[in-house]
Amino acid sequence: MSSSQSHLCCVNDFEKLAMTKLPKPAADYYRSGACGEHTLELNKSAFQRLRIKPRVLRDVSVRDTTCEILGNKINVPLGVSPAAMQKMAHHDGECGNARAVGEIGSIFILSTLSSSSLEEVAEAAPDTIKWFQLYIYKNRDLTVELVKRAERAGYKALVLTVDANVFGIRYADTKNDFNLPAHLNLANFSGKESEMKADSGSALFHYTKTQFDSTVSWDDIKWLRQITDLPIVLKGIQCAEDALIAASIGVQAIMVSNHGARQLDTAPASIEILPEVAKAVGNKCEVYLDGGIRYGTDIFKALALGAKMVFIGRPAIWGLACDGQRGVKKVLDILINELSITLGLAGCNSLSDINANMVVHESYYSKL
């Protein structure tokens, strides 16, 4: 981190600086949400309507943030979500992001639509626990090959995005005629699948409409289980009903997520959905949360309400845009420190000390 950036103290500081560094099409692509962006704001503001009830007079001199996720010991319940085309933010791209996550001993999820191939990321960050995010393509042979490549490259799980059968309306990309910059490509593919270009409007919208299979159903989850032994995480679960179906067909984990508020506007915030999902599945599968995490207190609240781990997308991109791998590491360190301080101030020695009674909605208290 350069001396000129040493004043960056929180995630919001990184976002503000990133907005000055990124070209407008890239900045708007990473920043924006669907339609009126109501859910985009809600993802963050819903956390602020939750109150932490601290306990006092407890010895919290030693605080442990380790946990076990899909059989792997993780140093902190904070990982990085899949985000497409990260070399638009910095030439370190996905490789730098993955290395930063490895430095904190956590999990990095690589997007199908990455600007560094899954093999490149595996080679660049061999000590990082890596999961591969998957879309199901109309060309099922292509989908199978992606799965097999992830297996060969040592990825530990598949994260299937389940909330994008229809692509969300993103006005910013349409206004900017968003295209992948000429010097970049979708590195996991060759031929037409590697190109994201359109004469007008959003090239990403055009790509997903022509390539992604909009007929995907629960039967395809069963199909995916038949072609791989990797654990399957369903990303994009947004209600108890779907969570129960997922658990009943044997997926190992679900990620409560609204796709960074980039799909269905006015859908609930991820943190609002979490309690009903966690209650519905119980111990049948692991539950994670993605969306709106900006402070260590947010992580604490998500853990209290039923998440075993949380993932961040945009904050890591802001760090990447500011200072590549070092910027991502700084963002992660800030959140980890905030979580540790929150644990201590709430009277917790470890993650297992956090319970649902410690977080309540603001309406629990006076309405003054």
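A charge sits over a ring if NZ of Lys or CZ of Arg is within 6 Å of the ring centre and within 35 degrees of the ring normal. The structure is a predicted model, in which local features need pLDDT of at least 70 and side-chain atom pairs count only at pLDDT 80 or more, while totals for chains, interfaces and linings use all residues. Residues are numbered from 1 along each chain as its sequence is written, and side-chain values use heavy atoms, leaving out hydrogens and water.

**Exercise 1.** Find which residue lies over the face of Y29.

*Solution.* Look above the ring of Y29: R262 lies over its face, at 4.6 Å from the ring centre. Then turn to W223, where R140 lies over the face at 5.1 Å from the ring centre.

**Exercise 2.** Decide how the rings of Y29 and F178 are arranged.

*Solution.* Start with the rule: rings of Phe, Tyr and Trp (its six-membered ring) pair if their centres lie within 6.5 Å, and planes under 30 degrees apart count as stacked, over 60 as edge-to-face and the rest as tilted. By this rule there are 13 aromatic pairs. For Y29 and F178, the centres are 4.9 Å apart and the planes are at 10°, so the pair is stacked.

Helices (H or I, at least four residues) and strands (E, at least two) are DSSP runs, numbered from the N terminus. Y29 lies in helix 2 and F178 in the loop between helix 7 and helix 8, so the pair ties together parts that are 149 residues apart in sequence.

Finally, check the burial: both Y29 and F178 are buried (under 20% relative accessible area, with exposed over 50% and partly exposed in between, using a 1.4 Å probe and protein chains only).

**Exercise 3.** Describe the pair formed by Y135 and F212.

*Solution.* Begin with the geometry: this pair is stacked, with 4.3 Å centre to centre and 25° between the planes. Y135 sits in the loop between strand 6 and helix 6, and F212 in the loop between helix 8 and helix 9, 77 residues apart. Both Y135 and F212 are buried. Now widen the view: ring pairs link Y135, Y137, F189, Y207 and F212 into a cluster.
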